[in-house]
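Here is a short walk through one structure.

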Amino acid sequence: MAEPYYKRVLLKLSGEALGGEQGYGIDPNTITAIAREVKQVVDLGVELCLVIGGGNIFRGVAASSKGMDRASADYMGMLATMINSLAMQDALEKVGVDTRVQSAIGMAEVAEPYIRRRAIRHLEKGRVVIFGAGTGNPYFTTDTAASLRAMEIGADVILKGTKVDGVYSADPNKDKTATKYGTLSYLEVLRKGLQVMDATAISLCMDNSLPIIVFDVTTDGNVVRVVNGEPIGTLVKEGE
């Protein structure tokens, strides 16, 4: 079997991805399907870590726009990501994947504290590491947390799993003339205001030349295809 193209990857999933068709809560069939995909990647010898959003349970930005204190709303969002992280850990261990959850907020009874060197050691031992609670700070998204953690653990790439098969010039569900981008530079993403990741996360990746691949995570086998270097989705990297 050919060696995977990427050896250490960070997979970023939106909370809505766990909600399945309903888009909220945690759909058991969907989370099991994602766990099986992750197992296939781990079986290739790839070191994989995960960051999962919390939008299927609670979205801090939405709550703050309706009058809730932004910091309080963001901390609630971080707790939502921990619920998703623990659910994903359970799903992964049910399919035989050793998994550790590390939290940026202290909660010793349910998760390890985030310690960079310990996270790297888990990856070296073939365990999947799920980074919960974002960066541990309000005003930062889980996209930014994914970029930060990917840099800290020396990931080769960030895989941004969505319900769409890449980045488009407009919403393909609303605009039939929307065109899909094969590759983009970080600056193009920022200039065009494309919804790849938030500007802080993109800037962080740009400063450290960390590529991002946006792809459809709902199609069976796609995670393995991306890890093996197949040209699916949209690649965001340094401009020529």
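A pocket, on a 1 Å grid over the protein atoms alone, is an open set of points where a 1.4 Å probe fits, with protein on both sides within 12 Å along at least five of seven lines; its lining residues have an atom within 4 Å of a point. The model is predicted: local features need pLDDT of at least 70, side-chain atom pairs count only at pLDDT 80 or more, and totals for chains, interfaces and linings use all residues. Residues are numbered from 1 along each chain as its sequence is written, and side-chain values use heavy atoms, with hydrogens and water left out.

Start with the largest pocket. Its lining has 46 residues. Ser14, Arg59, Asp143, Lys160 and Val196 lie nearest its centre. By class, the lining holds 17 nonpolar, 19 polar and 10 charged residues. Here Ala, Val, Leu, Ile, Met, Phe, Trp, Tyr, Cys and Pro count as nonpolar, Asp, Glu, Lys and Arg as charged, and the others, Gly among them, as polar. Helix H4 gives the most to this lining, with 5 residues. Helices (H or I, at least four residues) and strands (E, at least two) are DSSP runs, numbered from the N terminus.

The second largest pocket is lined by 13 residues. Helix H2, residues 28-43, supplies the largest share, 4 residues.

Now turn to Lys12, in strand E1 (residues 8-13).
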